[in-house]
Amino acid sequence: MAEEKKRKTSPAEFVNQVRTETSKVVWPTREETVRTAIFVFIMMIILSLFFLGVDTVFNGIVRWLLTLA
């Protein structure tokens, strides 16, 4: 097996490659960004209520178990 030698990239070539790749990025529209932010906020509320419920249940179980000791 022959090892492939890696060619070093010059700083100018690197900057050109970065610019080329950055121009390929498809940025979301304002509407998509707002819709995604609202979705994240709603999911955050739902998950926080879920974990509050789970924590409350476990807290009750632990308190009950401690009364048995």
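Author: A salt bridge is a side-chain nitrogen of Lys or Arg within 4 Å of a carboxyl oxygen of Asp or Glu. In this structure, the side chains of Glu21 and Lys24 form such a pair, with N to O at 3.3 Å. The model is a predicted one, in which local features need pLDDT of at least 70 and side-chain atom pairs count only at pLDDT 80 or more, whereas totals for chains, interfaces and linings use all residues. Residues are numbered from 1 along each chain as its sequence is written, and side-chain values use heavy atoms, with hydrogens and water left out.

Reader: How many salt bridges does a search of the whole structure find?

Author: The search finds two. Besides the pair of Glu21 and Lys24, Arg35 forms a salt bridge with Glu31, with the closest N and O atoms 2.6 Å apart.

Reader: In which helix do Arg35 and Glu31 lie?

Author: Helices (H or I, at least four residues) and strands (E, at least two) are DSSP runs, numbered from the N terminus. Both Arg35 and Glu31 belong to helix H2, which covers residues 30–68. They are four residues apart, about one turn of the helix.

Reader: What percentage of the 69 residues in the protein is buried?

Author: Buried residues make up 0%.

Reader: How many helices and strands does the protein have, and why is it more spread out than a compact globule?

Author: It has two helices and zero strands. Its radius of gyration is 27 Å, well over the 11 Å that the globule rule gives for 69 residues, so the protein is more spread out than a compact globule. Here the radius is taken over C-alpha atoms, and the rule is 2.2 Å times the number of residues to the power 0.38. Along the principal axes, the C-alpha atoms fill a box of roughly 70 × 45 × 20 Å.

Reader: Which separations between C-alpha atoms illustrate this?

Author: Thr56 and Thr29, 27 residues apart along the chain, have C-alpha atoms separated by 41 Å. For Ile42 and Asn59, 17 residues apart along the chain, the separation is 26 Å.

Reader: Which residues does UniProt list for "transmembrane region"?

Author: UniProt positions are given in the numbering used here, feature names are shortened, and annotations may be inferred rather than shown by experiment. The unreviewed UniProt entry lists residues 38–66 under that name. In the model, this span is 100% helix and 0% strand, and its end C-alpha atoms lie 42 Å apart.

Key:
Buried < 20%, exposed > 50% of the residue type's maximum accessible area, 1.4 Å probe, protein only.
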